[in-house]
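Dear colleague,

I am passing on the structure below, together with notes on what was found in it. Please read the notes with the model open beside them.

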Amino acid sequence: MKVALFTTFRASRKEQLAVMLDRIRSGFAEAELEPSVTFTASDAPTPGFTSAVTRACKRFPLLQEFHSAASMLPGGDPVPMISNGPGSPAEGREIDFETLLAIAQGVPRSFPFHGIAVHFRNPAFGAPLPGAVLAPTQSPGIIVGDSWWVNGRNRSLMALSVVETDDDARSSRRKLPALPPPVASILAACGKAAKTIQVPLPGFDGAPDTLRAAQADPEVAARVAAIVGDYRSRLTEVVAAASLPHDLPPSLEALRETPLGTASGPKRPALAAAFKPLGYDCRGESGTFTLRRRTDAKLTVELSLDVGTWSNSLTASYHVHGLGFTARLPLPPSARAIGSMQYPIGGPDRWARIVANLAALVGELDRSFVPAIQAASGPAPDWYQPETRP
């Protein structure tokens with residue numbers, strides 16, 4: 001079975017785009033691998049902005065053969081772009097890397113592209129995933145992105161590599177195979193990894209798209225879906241069984257009781273104190289928090305909490321990740337808030353009560369829902385972790 005590894009690296013906007021590209025190209029050279037380079041750079045999807053594409057084509061006339069225009073939205077205006085990627089009139093045509101570096105040196109001042117992406121590829125990173133024609137980032141390699149945003153430029157740096165493990169993944173007790181040394185060397189040149197996401201592809205050889213390739217055995221998926229449907233239909237009963245310690249009001253009533261400008265204070269301390277005894281770690285600092293634990297069957301249980309920034313409201317969900325599936329349930333913070341999309345956090349006292357209620361509900365799901373999912377799915381291999389961070 002093949003496993004796709006998506007590794008995201010810390011990418012600073014302080015590093016010039018050209019410097020980052022040159023650093024990665026040097027990493028390939030030091031690993032004695034020659035990359036093929038695909039690039040796409042486009043203007044804004046709405047008129048009224050300076051055309052970086054026009055400027056670049058005027059400065060580098062050879063870019064005219066890479067020039068095209070396509071609508072980003074149904075019925076929208078055509079957006080000028082230069083590219084040698086899929087759909088381009090110059091698809092697959094190489095561009096001199098020094099020219100690409102010169103273009104990158106002008107981003108964003110001389111060439112204020114709305115978005116630019118550069119993809120370094122080599123067969124050492126693994127075979128392309130199904131559906132790669134529709135999503136170029138599904139082709140293994142190193143992908144650098146730089147784009148406009150309201151608060152400045154966004155910079156991204158990620159790698160996609162594909163490794164192969166035992167066909168009978170559920171009985172495999174080994175770690176994933178190590179990446180080829182040249183690939184590992186290039187990843188080291190990319191800098192510090194922020195996280196790696198595993199996407200097992202049990203149906204890689206036969207499925208025409210990545211979604212189907214990553215699905216669990218159909219019988220397992222059906223059993224898991226039946227359990228999720230049962231719990232969702234009985235959510236009121238499940239919440240009652242959890243014996244939540246605090247009777248918090250419905251969402252609208254809680255909102256009316258919350259004075260404008262109410263601050264809830266730091267949120268992580270209460271989360272860590274409540275969930276560490278349940279075996280969960282806690283990551284996050286402000287707008288979102290992720291809490292995880294692994295079961296004896298190597299499934300990953302995850303709590304996803306969006307606490308907002310300016311909104312100061314909670315959206316919470318409970319996930320059980322297994323090989324090729326995720327079982328999801330909402331986490332209402334109150335028996336009287338079942339069905340609410342968001343719940344006002346209010347001040348520190350209410351936040352403490354919300355966390356206590358969530359801990360009680362999670363404890364109930366850990367006792368009943370998780371064992372049911374494990375019985376339906378069986379164990380995952382030792383190596384499987386949906387997301388890892390250093």
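The notes below cover a helix pair, the nonpolar cores, the aromatic rings and some backbone features.

This is a predicted model, in which local features need pLDDT of at least 70 and side-chain atom pairs count only at pLDDT 80 or more, while totals for chains, interfaces and linings use all residues. Residues are numbered from 1 along each chain as its sequence is written, and side-chain values use heavy atoms, with hydrogens and water left out.

Helices here are DSSP runs of H or I with at least four residues, and strands are runs of E with at least two, numbered from the N terminus. The axes of α1 (residues 17–30) and α3 (residues 97–105) come within 7 Å and cross at roughly 150 degrees, the axes being lines fitted to C-alpha atoms over the stretch in contact, with angles from 0 to 180 degrees between N-to-C directions. That makes α1 roughly antiparallel to α3, a label given to angles over 145 degrees, whereas those under 35 count as roughly parallel, 65 to 115 as roughly perpendicular and the rest as oblique. On the α1 side, L17, A18, L21, D22 and R25 meet F97, L101, A104 and Q105 of α3, where contact means heavy atoms within 4.5 Å.

The largest nonpolar core has 57 residues, and F275, Y318, L331, L365, F369 and I373 are those with the most contacts inside it; a core is a set of buried Ala, Val, Leu, Ile, Met, Phe, Trp, Tyr and Cys residues joined through side-chain atoms within 4.5 Å. Buried means under 20% relative accessible area, exposed over 50%, and partly exposed in between (1.4 Å probe, protein chains only). Helix α10 (residues 348–377) gives the most to this core, with 13 residues. A second, separate core of 42 residues includes M20, F28, F60 and F66.

Rings of Phe, Tyr and Trp (its six-membered ring) pair if their centres lie within 6.5 Å, with planes under 30 degrees apart counted as stacked, over 60 as edge-to-face and the rest as tilted; the count by this rule comes to 11 aromatic pairs. W148 and W149 form an edge-to-face pair, 6.4 Å centre to centre with 65 degrees between the planes. F275 and Y280 are both buried.

Finally, the peptide bond from V107 to P108 is cis, with omega near 5 degrees, and N312, which is not glycine, has a positive phi near 50 degrees.

With best wishes
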